[in-house]
Amino acid sequence: MKKKFYFGTNTKMYKTIKDTREFVSKLQDLTRDISRDDITLFVIPSYTTLKDANELKDENLLMIGAQNMGWEEQGQFTGEISPLMLQEIGTDLIMVGHSERRHVLGETDEQENKKVLCALNHNFTTLLCVGETEEQKEYGISEETIRIQLKKGLYGVTKEMVDKLWIAYEPVWAIGVNGKPATKEYAEQIHTVIRKTLIELFGEEAGEQIPVLYGGSVNKENAVPLSQMEHIDGLFIGRSAWQADNFNDIIRDILKI
Ligand code: PGA
(Lines give C-alpha, C1' and ligand atoms only; values in the text may rest on other atoms or scores of the structure.)
Protein backbone atom coordinates (compact mmCIF):
# COMPACT_ATOMS: atom_id res chain seq x y z
CA MET A 1 0.00 0.00 0.00
CA LYS A 2 1.39 3.38 -1.02
CA LYS A 3 0.35 5.53 1.97
CA LYS A 4 -2.20 5.74 4.73
CA PHE A 5 -5.59 5.05 3.17
CA TYR A 6 -9.01 6.26 4.33
CA PHE A 7 -12.03 3.96 4.50
CA GLY A 8 -15.47 5.14 5.53
CA THR A 9 -19.13 4.40 5.21
CA ASN A 10 -22.26 6.46 5.55
CA THR A 11 -25.13 4.20 6.53
CA LYS A 12 -27.72 6.81 5.38
CA MET A 13 -31.22 6.13 6.80
CA TYR A 14 -30.80 2.39 7.06
CA LYS A 15 -29.50 1.09 10.35
CA THR A 16 -31.42 1.17 13.65
CA ILE A 17 -29.62 1.46 16.99
CA LYS A 18 -29.48 -2.33 17.25
CA ASP A 19 -28.16 -2.69 13.68
CA THR A 20 -25.58 0.04 14.21
CA ARG A 21 -24.31 -1.48 17.45
CA GLU A 22 -23.87 -4.85 15.78
CA PHE A 23 -22.19 -3.30 12.74
CA VAL A 24 -19.74 -1.14 14.71
CA SER A 25 -18.77 -4.00 17.06
CA LYS A 26 -18.24 -6.43 14.22
CA LEU A 27 -16.29 -3.98 12.08
CA GLN A 28 -13.97 -3.17 14.98
CA ASP A 29 -13.44 -6.84 15.76
CA LEU A 30 -12.76 -7.80 12.17
CA THR A 31 -10.27 -4.99 11.58
CA ARG A 32 -8.62 -4.94 15.02
CA ASP A 33 -5.35 -6.44 13.78
CA ILE A 34 -4.89 -3.85 11.01
CA SER A 35 -2.45 -1.13 12.02
CA ARG A 36 -4.04 2.30 12.15
CA ASP A 37 -0.79 3.64 10.75
CA ASP A 38 -2.02 2.13 7.49
CA ILE A 39 -5.71 3.05 7.60
CA THR A 40 -8.16 5.54 9.02
CA LEU A 41 -11.58 3.97 9.47
CA PHE A 42 -14.86 5.82 10.01
CA VAL A 43 -18.58 5.15 10.19
CA ILE A 44 -21.31 7.79 9.77
CA PRO A 45 -24.58 6.39 11.14
CA SER A 46 -27.99 8.03 11.74
CA TYR A 47 -28.48 10.61 14.48
CA THR A 48 -30.40 8.38 16.88
CA THR A 49 -27.59 5.83 16.84
CA LEU A 50 -24.71 8.26 17.41
CA LYS A 51 -24.61 8.07 21.19
CA ASP A 52 -24.46 4.28 21.16
CA ALA A 53 -21.93 4.22 18.33
CA ASN A 54 -19.70 6.73 20.12
CA GLU A 55 -19.87 4.74 23.35
CA LEU A 56 -19.05 1.50 21.57
CA LYS A 57 -16.19 2.80 19.50
CA ASP A 58 -12.61 2.10 20.38
CA GLU A 59 -10.93 5.43 19.70
CA ASN A 60 -7.82 3.68 18.55
CA LEU A 61 -9.74 1.87 15.83
CA LEU A 62 -12.66 3.93 14.63
CA MET A 63 -14.03 7.43 14.15
CA ILE A 64 -17.76 8.13 14.31
CA GLY A 65 -19.36 10.90 12.29
CA ALA A 66 -22.69 12.70 11.96
CA GLN A 67 -24.50 12.88 8.63
CA ASN A 68 -25.37 16.55 9.05
CA MET A 69 -25.09 19.44 11.53
CA GLY A 70 -26.76 22.78 12.15
CA TRP A 71 -24.37 25.75 11.83
CA GLU A 72 -25.31 27.55 15.07
CA GLU A 73 -24.62 26.46 18.64
CA GLN A 74 -28.25 26.99 19.60
CA GLY A 75 -31.32 28.86 18.46
CA GLN A 76 -34.60 28.72 16.64
CA PHE A 77 -33.68 25.92 14.24
CA THR A 78 -36.35 23.26 14.63
CA GLY A 79 -35.14 19.85 13.54
CA GLU A 80 -31.45 20.75 13.54
CA ILE A 81 -28.70 19.32 15.77
CA SER A 82 -25.99 21.68 17.00
CA PRO A 83 -22.21 21.21 17.21
CA LEU A 84 -22.40 21.34 21.01
CA MET A 85 -24.87 18.45 21.04
CA LEU A 86 -22.63 16.41 18.79
CA GLN A 87 -19.56 17.22 20.88
CA GLU A 88 -21.43 16.24 24.04
CA ILE A 89 -21.80 12.66 22.78
CA GLY A 90 -18.21 12.37 21.57
CA THR A 91 -18.69 12.65 17.80
CA ASP A 92 -15.43 12.90 15.85
CA LEU A 93 -16.49 13.90 12.38
CA ILE A 94 -19.16 15.88 10.55
CA MET A 95 -20.15 15.11 6.98
CA VAL A 96 -21.31 18.16 5.04
CA GLY A 97 -23.06 18.35 1.69
CA HIS A 98 -23.68 14.70 0.87
CA SER A 99 -25.38 14.50 -2.52
CA GLU A 100 -28.67 13.44 -0.93
CA ARG A 101 -28.59 16.52 1.32
CA ARG A 102 -27.97 18.72 -1.70
CA HIS A 103 -30.29 17.11 -4.21
CA VAL A 104 -33.07 15.53 -2.16
CA LEU A 105 -33.16 18.01 0.74
CA GLY A 106 -32.22 21.09 -1.28
CA GLU A 107 -29.11 22.28 0.53
CA THR A 108 -27.00 24.97 -1.16
CA ASP A 109 -23.27 25.68 -1.35
CA GLU A 110 -23.86 28.68 0.94
CA GLN A 111 -25.38 26.42 3.60
CA GLU A 112 -22.60 23.84 3.21
CA ASN A 113 -20.10 26.67 3.69
CA LYS A 114 -21.67 27.71 7.01
CA LYS A 115 -21.58 24.11 8.19
CA VAL A 116 -17.96 23.61 7.13
CA LEU A 117 -16.87 26.75 9.00
CA CYS A 118 -18.88 25.79 12.06
CA ALA A 119 -17.58 22.20 12.09
CA LEU A 120 -13.94 23.26 11.70
CA ASN A 121 -14.34 25.95 14.35
CA HIS A 122 -15.65 23.30 16.73
CA ASN A 123 -12.64 21.12 16.03
CA PHE A 124 -14.47 18.34 14.20
CA THR A 125 -12.92 16.43 11.35
CA THR A 126 -14.99 17.88 8.51
CA LEU A 127 -15.80 15.87 5.41
CA LEU A 128 -17.12 18.08 2.60
CA CYS A 129 -18.74 16.10 -0.22
CA VAL A 130 -18.77 17.45 -3.76
CA GLY A 131 -19.98 15.99 -7.04
CA GLU A 132 -21.58 16.91 -10.34
CA THR A 133 -24.97 15.73 -11.62
CA GLU A 134 -25.40 13.69 -14.79
CA GLU A 135 -26.67 16.81 -16.55
CA GLN A 136 -23.63 18.85 -15.56
CA LYS A 137 -21.42 16.02 -16.82
CA GLU A 138 -23.34 15.97 -20.14
CA TYR A 139 -22.78 19.72 -20.52
CA GLY A 140 -19.07 19.16 -19.98
CA ILE A 141 -19.01 21.30 -16.85
CA SER A 142 -18.02 18.69 -14.26
CA GLU A 143 -14.71 20.35 -13.44
CA GLU A 144 -16.27 23.82 -13.23
CA THR A 145 -19.02 22.47 -10.97
CA ILE A 146 -16.55 20.82 -8.61
CA ARG A 147 -14.40 23.95 -8.46
CA ILE A 148 -17.44 26.08 -7.62
CA GLN A 149 -18.56 23.67 -4.91
CA LEU A 150 -15.07 23.73 -3.40
CA LYS A 151 -14.58 27.48 -3.65
CA LYS A 152 -18.00 28.26 -2.20
CA GLY A 153 -18.06 25.42 0.31
CA LEU A 154 -14.61 26.34 1.63
CA TYR A 155 -15.04 30.11 1.47
CA GLY A 156 -13.44 31.74 4.50
CA VAL A 157 -11.51 28.61 5.48
CA THR A 158 -7.84 29.48 6.01
CA LYS A 159 -4.81 27.26 5.63
CA GLU A 160 -4.42 27.23 9.41
CA MET A 161 -7.86 25.55 9.65
CA VAL A 162 -7.42 22.67 7.20
CA ASP A 163 -5.71 20.14 9.46
CA LYS A 164 -9.03 18.40 9.97
CA LEU A 165 -10.54 18.98 6.55
CA TRP A 166 -11.29 16.03 4.26
CA ILE A 167 -12.99 16.05 0.86
CA ALA A 168 -15.10 13.33 -0.77
CA TYR A 169 -15.72 13.34 -4.50
CA GLU A 170 -19.04 11.63 -5.12
CA PRO A 171 -20.50 12.12 -8.59
CA VAL A 172 -24.29 12.26 -8.19
CA TRP A 173 -24.78 9.87 -11.14
CA ALA A 174 -22.57 7.28 -9.47
CA ILE A 175 -24.34 7.11 -6.11
CA GLY A 176 -26.93 4.60 -4.93
CA VAL A 177 -28.97 1.79 -6.48
CA ASN A 178 -29.28 3.46 -9.89
CA GLY A 179 -25.71 4.73 -9.90
CA LYS A 180 -22.92 3.52 -12.16
CA PRO A 181 -19.42 3.83 -10.75
CA ALA A 182 -16.99 6.32 -12.22
CA THR A 183 -14.13 4.72 -14.12
CA LYS A 184 -10.83 4.96 -12.34
CA GLU A 185 -9.56 7.27 -15.09
CA TYR A 186 -12.50 9.63 -14.77
CA ALA A 187 -12.27 9.66 -10.97
CA GLU A 188 -8.54 10.37 -11.19
CA GLN A 189 -9.15 13.25 -13.60
CA ILE A 190 -11.56 14.94 -11.19
CA HIS A 191 -9.40 14.16 -8.17
CA THR A 192 -6.53 15.91 -9.90
CA VAL A 193 -8.73 18.99 -10.37
CA ILE A 194 -9.70 18.83 -6.70
CA ARG A 195 -6.07 18.63 -5.61
CA LYS A 196 -5.11 21.59 -7.80
CA THR A 197 -8.01 23.62 -6.43
CA LEU A 198 -7.05 22.82 -2.84
CA ILE A 199 -3.47 23.92 -3.54
CA GLU A 200 -4.79 27.09 -5.17
CA LEU A 201 -6.89 27.80 -2.06
CA PHE A 202 -4.49 26.81 0.70
CA GLY A 203 -1.00 26.70 -0.81
CA GLU A 204 1.14 23.71 -1.70
CA GLU A 205 1.88 22.37 1.76
CA ALA A 206 -1.61 22.59 3.28
CA GLY A 207 -3.37 21.80 -0.02
CA GLU A 208 -1.37 18.59 -0.53
CA GLN A 209 -2.19 17.10 2.87
CA ILE A 210 -6.01 17.21 2.66
CA PRO A 211 -7.29 13.66 2.06
CA VAL A 212 -9.56 13.34 -0.99
CA LEU A 213 -11.79 10.26 -1.00
CA TYR A 214 -13.82 8.79 -3.85
CA GLY A 215 -17.41 7.57 -3.35
CA GLY A 216 -20.23 6.32 -5.58
CA SER A 217 -20.95 2.63 -6.25
CA VAL A 218 -17.62 1.46 -4.89
CA ASN A 219 -17.70 -2.34 -4.72
CA LYS A 220 -15.43 -5.33 -4.30
CA GLU A 221 -14.45 -5.27 -7.98
CA ASN A 222 -13.59 -1.61 -8.50
CA ALA A 223 -12.21 -0.79 -5.04
CA VAL A 224 -8.65 -1.96 -5.74
CA PRO A 225 -8.23 -0.24 -9.14
CA LEU A 226 -9.67 3.01 -7.75
CA SER A 227 -7.37 2.84 -4.73
CA GLN A 228 -4.34 2.61 -6.98
CA MET A 229 -4.92 5.99 -8.58
CA GLU A 230 -2.39 8.59 -7.51
CA HIS A 231 -4.87 11.23 -6.35
CA ILE A 232 -7.35 8.95 -4.58
CA ASP A 233 -6.56 8.87 -0.85
CA GLY A 234 -9.50 6.83 0.34
CA LEU A 235 -12.87 5.29 -0.43
CA PHE A 236 -16.20 6.42 0.92
CA ILE A 237 -18.53 3.49 0.50
CA GLY A 238 -22.29 3.02 0.83
CA ARG A 239 -24.02 -0.26 0.04
CA SER A 240 -20.91 -2.42 -0.33
CA ALA A 241 -19.76 -1.54 3.19
CA TRP A 242 -22.97 -2.06 5.13
CA GLN A 243 -22.12 -5.67 5.93
CA ALA A 244 -19.03 -5.59 8.14
CA ASP A 245 -17.64 -8.71 6.40
CA ASN A 246 -17.81 -7.10 2.97
CA PHE A 247 -16.26 -3.88 4.22
CA ASN A 248 -13.45 -5.81 5.90
CA ASP A 249 -12.84 -7.76 2.66
CA ILE A 250 -12.54 -4.55 0.64
CA ILE A 251 -10.11 -3.04 3.16
CA ARG A 252 -7.93 -6.17 3.12
CA ASP A 253 -7.96 -6.43 -0.68
CA ILE A 254 -6.55 -2.92 -0.86
CA LEU A 255 -3.98 -3.46 1.87
CA LYS A 256 -2.69 -6.56 0.07
CA ILE A 257 -1.34 -4.60 -2.89
P1 PGA B 1 -23.08 3.89 -2.68
O2 PGA B 1 -23.23 5.22 -1.82
O3 PGA B 1 -21.71 3.34 -2.45
O4 PGA B 1 -24.16 2.99 -2.17
O5 PGA B 1 -23.28 4.28 -4.13
C6 PGA B 1 -22.19 6.14 -1.77
C7 PGA B 1 -22.57 7.33 -0.93
O8 PGA B 1 -23.71 7.81 -1.00
O9 PGA B 1 -21.72 7.83 -0.18
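Analyst: Start with T91. Neighbours within four places in sequence aside, T91 is in contact with L50, N54, I64, G65, A66, L86 and F124. Keep in mind that this is a predicted model.

User: Where does T91 sit, in terms of helices and strands?

Analyst: T91 belongs to the loop that runs between α3 (83–88) and β4 (93–96).

User: Is T91 buried or exposed?

Analyst: The cut-off for buried is under 20% relative accessible area. T91 has a relative accessible area of 7%, so it counts as buried.

User: Which polar partners does the side chain of T91 have?

Analyst: The side chains of T91 and N54 are joined by a polar contact of 3.2 Å. The T91 side chain also reaches a backbone atom, the oxygen of L86, at 2.9 Å.

User: What should I look for in the nonpolar core, and which residues have the most contacts inside the largest one?

Analyst: The largest nonpolar core here has 61 residues, and L154, I167, I194, Y214 and L235 have the most contacts inside it. Helix α8 (residues 184–209) gives the largest share of this core, seven residues. Apart from this core lies another, of 12 residues, including L93, L127, A168 and F236.

User: Take L154. Which residues is L154 in contact with?

Analyst: Leaving aside neighbours within four places in sequence, the partners of L154 are N113, V116, L128, Q149, L165, I167, L198, L201 and F202. One of these, I167, is also among the core residues with the most contacts.

User: How does one find empty space in a model?

Analyst: Rolling a probe the size of a water molecule over the atoms shows where empty space is left. In this structure, a search of the whole model finds one cavity of 30 Å³ or more. The largest cavity holds about 40 Å³ of space.

User: Which residues line the largest cavity?

Analyst: The lining consists of G97, H98, S99, R102, H103, C129, V130, G131, Q149, E170 and V172. By class, three of the lining residues are nonpolar, six polar and two charged. Helix α4 (99–103) and strand β5 (125–130) each supply at least two residues, and α4 gives the most, with three residues. Q149 from this lining is also one of the contacts of L154.

User: What about open pockets?

Analyst: The largest pocket has about 480 Å³ of space. Its lining has 18 residues, of which K12, M13, Q67, E100 and R101 lie nearest the centre. That lining divides into eight nonpolar, six polar and four charged residues.

The second largest pocket has about 210 Å³ of space. Of its 16 lining residues, G70, W71, F77, E80 and I81 lie nearest the centre. This lining has four nonpolar, six polar and six charged residues.

User: What can be said about E80 itself?

Analyst: E80 lies in the loop between β3 (63–66) and α3. Its relative accessibility is 33%, so E80 counts as partly exposed. Away from its neighbours within four places in sequence, E80 is in contact with N68, M69 and G70.

User: Is E88 buried or exposed?

Analyst: The cut-off for exposed is over 50%. E88, which is in helix α3, has 68% relative accessibility and therefore counts as exposed. The C-alpha atoms of E88 and E144 are separated by 38 Å, the two being 56 residues apart along the chain.

Key: Residues are numbered from 1 along each chain as its sequence is written. This is a predicted model: local features need pLDDT of at least 70, side-chain atom pairs count only at pLDDT 80 or more; totals for chains, interfaces and linings use all residues. Side-chain values use heavy atoms; hydrogens and water are left out. A nonpolar core is a set of buried Ala, Val, Leu, Ile, Met, Phe, Trp, Tyr and Cys residues joined through side-chain atoms within 4.5 Å. Buried means under 20% relative accessible area, exposed over 50%, partly exposed in between (1.4 Å probe, protein chains only). Helices (H or I, at least four residues) and strands (E, at least two) are DSSP runs, numbered from the N terminus. Contact means heavy atoms within 4.5 Å. On a 1 Å grid over the protein atoms alone, a cavity is a set of points where a 1.4 Å probe fits but cannot get out, and a pocket is an open set with protein on both sides within 12 Å along at least five of seven lines; lining residues have an atom within 4 Å of a point. Grid points are joined across faces, edges and corners, and a volume is the space filled by probe spheres set on the points. Ala, Val, Leu, Ile, Met, Phe, Trp, Tyr, Cys and Pro count as nonpolar, Asp, Glu, Lys and Arg as charged, and the others, Gly among them, as polar. A polar contact is a pair of N or O atoms within 3.5 Å; within protein, one must be able to donate a hydrogen and the other to accept it, and residues adjacent in sequence count only if both atoms are side-chain atoms.
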